[in-house]
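Morning, everyone. Please bring it up on the screen.

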Amino acid sequence: MTLIDQIYIDGAFVTPHGAELFDLHNPATAQVIGQVRLADEVDARNAIAAAKRAFASFSRSTKAERIALLHRLADALEVRRADLIEAVIEEYGAPMSRSAWMADYALGAFRMAAQMLETYDFKREIGTARVTMEPLGVVGIITPWNANAGFIAGKLAMVIASGSTCVIKPSEMSAIQTQIVTEALHEAGVPAGVFNIVTGRGDVVGAEIAAHRDVAKLSFTGSTATGRAILRAGAESFKRVTLELGGKSPMVVLEDADFAQAIPFALNAGFLNSGQACIAGSRILVPTSRLAAFEAGIRDAITSFPSGDPRDPTTVIGPMVSARQWERVQSYIAKGLEEGARLLSGGEGRPEGAADGWFVKPTIFTDVRNDMTIAREEIFGPVLAIIPYDSEEQAIALANDTDYGLHAYVAGRDETRARAVADQLVAGRVIINAAPMEMSAPFGGFKQSGIGREGGTFGLEAFLEPKAVMG
Ligand code: NAD
């Protein structure tokens, strides 16, 4: 049993004022594996005060100092890579290959920020004005459980690159991963107060950070519902906000698509991170004329996406993170059946032979209408909806008929045609034919998928405020 009973404020591990103990689980066994002592509002206020004090000097640090610090942070995390992978498997249930990717993404975030900073110019001249890009002050960072280390690292890297300081409130369900990350970052020798980590409840610590007058900016990743609450709380003191929220992303399979490539592309995009991914391609739009062939191909291919023990190297889909998440996914599968969608594979309950953990059968519905609940709401599990269409115009209209606009995917043989469709999709990012991700490109959503962008210079500038001096 792990007991995590310290938080990190002003460069030191300290016992929180909050005294509530929260159980941590292994999702593959549903067993309690540890407890975390949660921070409260008092801890959040102490952390904000430490970050405010540190801002006075850190905002004047040089670009070279920040680049060196970002490299030290990446190095320190690299030393703990194996521990972090183990924690991701144990506490989150991500399959092995995904866990390794998550650890590498986190340390890569610091390296990418350092690299970007090399060429970023904080000073420019516009007409007669000297314009400087100024750090904002104390940043409140609030993150979800589905990629804990990556979100902490990605946001902290930008805070440091910009010259701001921060208070981080990670998900209370990721405390073991957070502990490893915090220990690593502490080893890197960051000036006291530049980053503070207070694991606590969202409606306690998160709400305090979101409303506190000394917090200049909120960088949040999580659900659209919480994003709305944070936006309201921040409005009182006009906080800058970056909100990375939910999605219901379309995978548009064009008439000329090569199914040998399009089907694995669709399944990989849909089942990404065991389906617990904001960018999951959960609505698969398929031409009616080729629907039967697509369904047959999916039935064959889905056997290569087994759901099971995250430590088994052949596993692609791990358990859901919590009992609550498992029940939520089950309720959507039941809803799909109730609303008349046709089950192509999977269904309710655990996969055959699965242990007591929170395992879900990879589930695909077909003949789904875009107005059904399973096509409208983010399920956040391995449940995909095939929606037939009759013309390309209709496919584009269906793809865009959603409250979300985070991501989209297009599969098609003719690249010019695929790009023309991508250009008409209302989404922050579009991937054509399984092209690799460009990490320095902007990331974020249209509509209710969020506000602002992360990644590259767009991401950095979300932490800066231009100031013009004339004369
Ligand atoms: P969540 O919104 O429930 O929680 C996210 C964080 O917000 C947690 O740390 C939580 O404690 C905190 N929180 C909760 N209530 C709060 C409040 N009132 N004030 C301040 N903070 C509060 O989300 P989750 O269930 O942890 O994560 C899943 C969601 O995150 C999904 O909707 C998913 O799409 C989204 N997500 C988005 C992205 C993206 O980049 N767009 C990436 C990953 C996940």
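The crossing of α3 and α4 is right-handed. Keep in mind that this is a predicted model. Helix α3 covers residues 81–92, and helix α4 covers residues 96–119. Their axes come within 9 Å and cross at roughly 130°. Angles over 145 degrees would count as roughly antiparallel, and 65 to 115 as roughly perpendicular. That makes α3 oblique to α4.

Who touches whom here? On the α3 side, look for Arg-81, Leu-84, Ile-85, Val-88, Ile-89 and Tyr-92. On the α4 side, the contact uses Met-96, Ser-99, Ala-100, Met-102, Ala-103 and Asp-104. By class, the residues of this α3 and α4 contact split into 9 nonpolar, 1 polar and 2 charged.

Stay with α4, and bring in α2. Helix α2 spans residues 63–79. It packs against α4 at an angle of about 165°, with the axes 8 Å apart. So α2 and α4 are roughly antiparallel to each other, since angles over 145 degrees count that way. What is the hand of the crossing of α2 and α4, left or right? It is left-handed.

Now the residues in that contact. From α2 we have Lys-63, Arg-66, Ile-67, Leu-70, His-71, Leu-73, Ala-74, Asp-75, Leu-77 and Glu-78. From α4 we have Ala-106, Leu-107, Phe-110, Arg-111, Ala-113, Ala-114, Leu-117, Glu-118 and Thr-119. The classes in the contact of α2 with α4 are 11 nonpolar, 2 polar and 6 charged.

Next pair, further along the chain. Helix α9 is residues 259–270, and helix α10 is residues 291–301. The two axes come within 10 Å, crossing at roughly 60°. Roughly parallel would need an angle under 35 degrees, and roughly perpendicular starts at 65. α9 and α10 are therefore oblique to each other. Their crossing is right-handed.

In α9, the contact residues are Phe-259, Ile-263, Ala-266 and Leu-267. They meet Ala-293, Phe-294, Gly-297, Ile-298 and Ala-301 in α10.

Last topic: the domains. The domain assignment gives two entries here. Domain 1 is 2–245 + 447–470. Domain 2 is 250–432. Their C-alpha centres lie 31 Å apart.

What does the contact between them look like? On one side, 26 residues of domain 1 take part, and they touch 32 residues of domain 2. About 2,300 Å² is buried between the two domains. Carbon and sulfur atoms give 57% of that area. Which residues of domain 1 lose the most area to domain 2? They are Pro-95, Trp-145 and Lys-447, together 23% of what that side buries.

That is my list. Over to you.

Notes
Residues are numbered from 1 along each chain as its sequence is written. This is a predicted model: local features need pLDDT of at least 70, side-chain atom pairs count only at pLDDT 80 or more; totals for chains, interfaces and linings use all residues. Side-chain values use heavy atoms; hydrogens and water are left out. Axes are lines fitted to C-alpha atoms, for helices over the stretch in contact, and angles run from 0 to 180 degrees between N-to-C directions. Helices (H or I, at least four residues) and strands (E, at least two) are DSSP runs, numbered from the N terminus. A crossing is left-handed if the near helix is turned anticlockwise from the far one by less than a right angle, and right-handed if clockwise. Contact means heavy atoms within 4.5 Å. Domain bounds come from an automatic or database domain assignment. Buried area is the accessible area (1.4 Å probe) that two parts lose on being put together, summed over both. Ala, Val, Leu, Ile, Met, Phe, Trp, Tyr, Cys and Pro count as nonpolar, Asp, Glu, Lys and Arg as charged, and the others, Gly among them, as polar.
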